[in-house]
Amino acid sequence: MITKQKGTYDVYGVDAKKREYVNDVIKGVCEKYNYNYIETPVFEATELFHRSVGDTSDMVSKETYDFKDRGDRSITLRPEGTASIARWFLENKLYGNMTEPVKVFYNEKMYRYERPQSGRNREFTQFGVEFIGSDDVMADIDVISLAYQTYCLLGLEPVIKINSLGDKESRDNYREALINYLRPHIDELCDDCKQRLEKNPLRVLDCKVDSGSEILKNAPKIIDYLNQESLDRYNKIKDYLDLLEINYEEDSRLVRGLDYYDHIVFEIYVNIESIGKMALGGGGRYNGLIKLLGDIDMPAVGFAMGYDRTLLAMEEAGVKIPINENIDVYVMYVSDTEKETASYLTQNLRLNGFVTETDYLNKGLKGEFKSADRLNAKYLIILNDKDLEDNKVNVKDNMTKEEEKVNINDLVDYLDMHM
Ligand code: HAM
């Protein structure tokens with residue numbers, strides 16, 4: 001038997017309905033914050049991600065699905081959305097004559113060749129927003145507020161962990177200080193970090209292997225290396241977060257795994273008794289990315305979250321997701337003439353807004369009653385030829401078991417009134 005690939009999953013039934021619910025909440029929030037929906041291709045030129053996310057990031061060096069297509073082009077299944085949005089923005093020359101910032105959201109499948117574990121898969125759905133065209137902290141706050149409120153509306157109690165990577169000058173100064181500090185300890189670092197120290201020393205700070213070590217605990221903090229402008233900007237963001245009553249905490253070791261960030265970086269986590277702290281999403285400002293890809297100076301900020309961990313957190317936190325498992329009407333018949341009427345009525349009721357089902361297996365009345373109960377039908381319409389001669393149907397309230405003969409022409413009004 002052919003089975004699904006490791007790290008992928010089929011979504012069906014209650015699980016699909018839970019995702020639909022999360023989707024609806026996200027759509028509602030994005031509408032209020034005025035972000036427009038966007039879809040980009042599942043695959044892009046490999047170079048897009050290598051240049052944007054960075055060759056030294058784990059995501060690009062170890063996790064992308066790369067392949068050659070039949071035209072010998074190097075293709076990558078998108079591992080994240082930000083690079084694709086930057087490509088879309090440049091390709092459509094949206095920077096010309098920009099009167100308003102571009103605010104978009106996406107809700108798409110992403111692909112990373114990771115070791116599958118709880119809430120981490122190789123194919124996963126990610127919701128993200130990108131805000132392009134403003135360098136003002138109001139834009140950072142727009143994105144952080146949207147991320148925070150989304151989790152609140154999903155019934156969680158999120159905390160935003162923040163840090164600043166500053167501008168290039170601040171980062172260069174910090175990088176030098178960090179290398180000078182870490183070099184004498186190089187033998188005590190894990191193998192990956194030995195390489196990171198040369199290529200991307202900031203990444204040493206969020207190494208999972210070395211995270212508890214004294215060396216990292218005592219490492220210089222980037223906040224002490226921010227120049228005045230970067231520090232002012234960071235402090236302003238904290239003021240706004242206080243003003244908007246967004247629950248946040250500072251983490252000087254938060255650097256995020258992707259190369260394109262500067263200034264604010266953040267992660268959203270929840271703390272649930274049964275599982276402890278769990279990161280659900282993250283983002284930050286990336287003022288250099290569009291310049292890197294298209295030589296256009298264009299400030300931007302964004303955030304993304306995975307569905308898998310969010311749903312896991314909601315489950316562990318005991319969030320009750322409202323799922324409608326009832327149908328409105330089940331139409332029952334036996335004879336061929338009743339069947340024709342059933343077909344007509346079923347369509348008519350659906351077009352009038354009722355969730356309606358009927359029998360597709362010629363089960364007979366007994367089987368149809370059972371089906372109606374299995375589907376939690378609120379009303380049963382029991383057809384029989386004798387009633388139909390008088391243009392009537394038998395309507396049964398499946399809760400109270402009360403029955404009434406109703407004229408077919410009045411059926412929609414009758415159900416509207418009783419439902
Ligand atoms: P990221 O931190 O790589 O950032 O991913 C964001 C979120 O996607 C993670 O916090 C996690 O919830 C989810 N995610 C990542 N990998 C997996 C996986 N293998 N399985 C399930 N969920 C996963 C980005 O992708 C940036 N593009 C965010 C951003 C947008 N920054 C600026 N704009």
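**Before starting.** I am working with a predicted model, in which local features need pLDDT of at least 70 and side-chain atom pairs count only at pLDDT 80 or more, while totals for chains, interfaces and linings use all residues. Residues are numbered from 1 along each chain as its sequence is written, and side-chain values use heavy atoms, with hydrogens and water left out.

**Entry 1, aromatic pairs.** I looked up the ring pairs and found that the structure holds 10 aromatic pairs (rings of Phe, Tyr and Trp, the last by its six-membered ring, with centres within 6.5 Å; planes under 30 degrees apart are stacked, over 60 edge-to-face, the rest tilted). One of them joins Y65 and Y113, edge-to-face, at 5.6 Å centre to centre and with 70° between the planes. Y65 lies in strand β3 (residues 65-68) and Y113 in the loop between β5 (102-111) and β6 (123-132), so this pair ties together parts that are 48 residues apart in sequence (strands are DSSP runs of E with at least two residues, numbered from the N terminus).

I then checked accessibility, where buried means under 20% relative accessible area, exposed over 50%, and partly exposed in between, with a 1.4 Å probe and protein chains only. Y65 is partly exposed at 26%, and Y113 is also partly exposed, at 43%.

F127 sits in strand β6 and F303 in strand β11 (residues 300-306), 176 residues apart, so the pair links distant parts of the chain. F127 is buried at 0%, and F303 is buried at 2%. Both belong to one aromatic cluster, formed by Y37, F105, F127, F266 and F303.

I followed strand β15 (residues 392-397) to strand β16 (residues 403-407), which run antiparallel and are joined by 5 bridges (two strands pair if DSSP finds at least two bridges between them). K392 has N407 in β16 as its bridge partner. The hairpin has 5 residues between its strands, and K401 in the turn has a positive phi of about 70°.

Is N121 buried or exposed? It is buried, with a relative accessible area of 16%, and I found N121 in the loop between β5 and β6. Leaving aside neighbours within four places in sequence, N121 is in contact (heavy atoms within 4.5 Å) with G7, Y9, R112 and D308.

Note on methods:
Helix = DSSP H or I, 4+ residues; strand = E, 2+ residues; numbered from the N terminus.
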